[in-house]
Each structure stands twice: as structure tokens, then as C-alpha cells.
Amino acid sequence: MPSLSQHCFEIQGKDSAADKSASLFPNIGVTHAVFPPSRHQALGQVECSVLMGEVESFAAAYQQQRQAFSKRNAGGNGLYHSFGIWVTLRLLKPRVIIESGVLNGQTSWLMRQATKAWQPLLLRFDPGSIKKPPWRDTLSGLTLDFIGPDFVDFNTVPWNCNLTEANIAWRNVSRKLAQRAAGLLASAPPISEWLVFFDDHHDHLLRASQARAFGFRHLLYDDNYLPGFGDSFSLKAACNGGNPRRAFANRNRPFRRCVSFHKQCHVMDEDEAARARTEFAELIEAYWEPPPLGPLHVPAAAAATAGWTGQQRAFGQLLRVAKWAEGPRVDAFTEEQKALMLAASRPPLFESYVAAANASGTSLAEVVHEAGNYVNLAYARLRLVPPALERKRIRLNSHHQAGPR
């Protein structure tokens, strides 16, 4: 059996399996919205056991994915994020999944592999060009693609209405797609049981508010940037946006709250940061970050093995993002900054790169690449509030929100 991180055998606080009231998934004791949720929390023994039970099946599917697609999932989810998505799907077993942000479709492919046992309905939303379409599901008959000319934004869909053909014909959605959607959604469970995966670079907190207004409860977020970083405002930044945000904000300008790949931004002052933290607590009942498979720091020796040259690139993805979005524009992070980043991340499932590579069936070079490319993933379960009251709250607080509605 691969060597597990020592953290897997420590049970601390609300991460304990004994805390049944905080249960997010059937067999994992997961913290409620503890502030800050980014605090370095050990993996509970039950959590490790459940996650380890998924490694072998995930590794087999991930290898199939690498064979099915000739290129690495550039700009999309790699090994570590794919495992987090896989585990979330296998534990929740949603019968309907919304994927907002599709890119090349490799994550869609992986989600189909993870859910073979129950074959959920998958609704995909992406404005992508039809000249370079993503992977399309031509086998299950259970995927609805609101992509390219049929694209509509998640928040413009009348989810709270009876999703008949007439209601589905939103704006530019084709009649043929509307007819298919109406038929497939006729027997769908309540949307409170669906899972929404946001990989669309919109304001995370705003997306949570929009989702709850319609009655959704289960959300999964990609690009859950550390406070002070990113091209969009993350849940992590909303919850713990004090000292970490100030530590990483660009020295030449104050931190800005952004949406839409950093295209729309405004300066976020301390009052707005405090409101965001309060809104996080009001919206979110439970918050969980899947741990990375292996360590996140990249020692020089491992970097050399992976073919990297020059200075060590721990958290290299954040270095790259900061060049054009929010974050310090530096060539490398200081040791103090890297220590803060590690403290704000979950401990790894495996204690070494070698163990993670062996368990996942990948090369050491790919595991090291993933360590440098890592950005947190997050699951959030929303608090139950009548949709009408939530929509009223959104209207009352609209002048505090960032980005387009």
C-alpha cells in the first residue's frame, strides 16, 4: 500500500469522523463554514479511507483520458483537480450535473467515466466557438450542450420555472435543443439535489448567491484562488480575505475584485472584504477542499527531475496568473509567502511525489508539474433559504456585488 501522509491519521476538531452533525458526504466528517476554512486542517482517518478507496478507479480512468486525448488538458483540469472532481461526484452521486465552463471537454469526459454507474443528465454551458468545439458525448444521449450558438449564461436560465419546451427556448436556444431538454428534464429530481460545477471564471460568491436564489444547494468550484490572487473573486478570498489578501496583493495597486477572466474589476476595500466574509457565512453551510494527491512544495531536486530549469517554481501557476491578473508580480515567492500558501492548503493524501505518482499511475514529472500548477478546488453546500427570500436579498444587496448579473 502506498505511503500515506502522516496527516491522514490525525483527527482534529470538526474534521473528525465523530462530528456527525458536520457530515457533508455519507462517510466523511467535513467541517462547516469554520473561519478561516483555509486553516491547515489534518485529514481525518475516515476521510483518508474514503479518498484512498477512489484512487485506483480514478487512476485507471485518468490513464484512459490521456490515451483518448492526444494533448494535455492545457488550461483545464489536470491530475490533482481531476481527482477532486472524481471524488466529489462519486460521493454525492448527483442525478443531474451542470457544467458551467467546458473549454475542450476533457473534464466532461472524465465526469462521464466517474458516473457510469448511475448515468446522470449533464447540462453543459460554454460560449466557445463552434470552429473548435469541445469533446461531445455521442453515446449516452444524456448530455445537453448549450454551447456556441446555443449558449446562455447560468444565471439567465429560468431554473425556478417548470422547464417545459417553451420555458427552455431562452433567447437563442434552438427549438430542437429545447425539445430534447424538456423531455430529459421532465423526470429530473429537485434542483436542490443537482450539482453545479462552476469553471467559468465568474465571481464565486455571486454565483453562490445566484444558485441559491434558484434553489440549488450543491456547488463545486474550480480556480478557488488564494486570497490576493486570481482573475475572478474566489470563495477562499471571500472567507479569508484579510491578512492573506494583503500579504499577496500587488504592491503597486490595491487588490481588485474581478470577474470574467479579469475583464471587469473594481478596487475592493476593507469594508467590502468584511461584507464578503459575512455573505459567505450567510450563504454557505458546509465547505470542503479536496486534498491534493501529493505535496505542493517542489524541492529543487524534484524540479530538476521534471526537467525544470532555473529557480524552483513552487505555486508556479499563481506566479503566472499574477503576471496578468491579481497577485504580486514577482519572479519567485519568498519562503515566507510559500509557507503561508502551504498553511492555507490541505495536506496531501500521499506524503511524497513518488507515492503519488505510483498510486495514480503517472510519471514523477507529471506529479511535480501538478504541484506547481495547483490551485484549490472547493465544494460548497448552500444553506436552505426560500428562493423568493434569496432573490429579495440579492436585490437589496445588489449595489455591493461585483460583475455582471
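Predicted model: local features only at pLDDT ≥ 70, side-chain atom pairs only at ≥ 80, totals over all residues.
**Exercise 1.** Find where in the chain the partners D203 and R257 sit.

*Solution.* 
Step 1. Check the contact. The closest N and O atoms of D203 and R257 are 2.7 Å apart, and the two form a salt bridge.
Step 2. D203 is in the loop between β6 (195–198) and α6 (204–214), while R257 is in strand β8 (residues 256–259).
Step 3. The two are 54 residues apart, so this pair links distant parts of the chain.
Step 4. Both D203 and R257 are buried.

**Exercise 2.** Compare the exposure of R90 and E54.

*Solution.* 
Step 1. Their side chains meet in a salt bridge, 2.9 Å from N to O.
Step 2. R90 belongs to helix α2 (residues 79–92) and E54 to helix α1 (residues 45–68).
Step 3. R90 has a relative accessible area of 22%, so R90 is partly exposed.
Step 4. E54 has 13%, so E54 counts as buried.

**Exercise 3.** Describe the lining of the second largest pocket.

*Solution.* 
Step 1. Count: 13 residues line this pocket.
Step 2. Sort them by class: 5 are nonpolar, 2 polar and 6 charged.
Step 3. Find the centre. R136 and D145 are among the residues nearest to it.
Step 4. Look for links. R136 and D145 join R124 in a network of salt bridges.

How values were computed
Residues numbered from 1 in each chain as written. Heavy atoms only, no water. 1 Å grid on protein atoms, 1.4 Å probe; cavity = no way out; pocket = protein on both sides within 12 Å on 5 of 7 lines; lining within 4 Å. Nonpolar A, V, L, I, M, F, W, Y, C, P; charged D, E, K, R; others polar. Salt bridge = Lys/Arg side-chain N within 4 Å of Asp/Glu carboxyl O. Helix = DSSP H or I, 4+ residues; strand = E, 2+ residues; numbered from the N terminus. Buried < 20%, exposed > 50% of the residue type's maximum accessible area, 1.4 Å probe, protein only.
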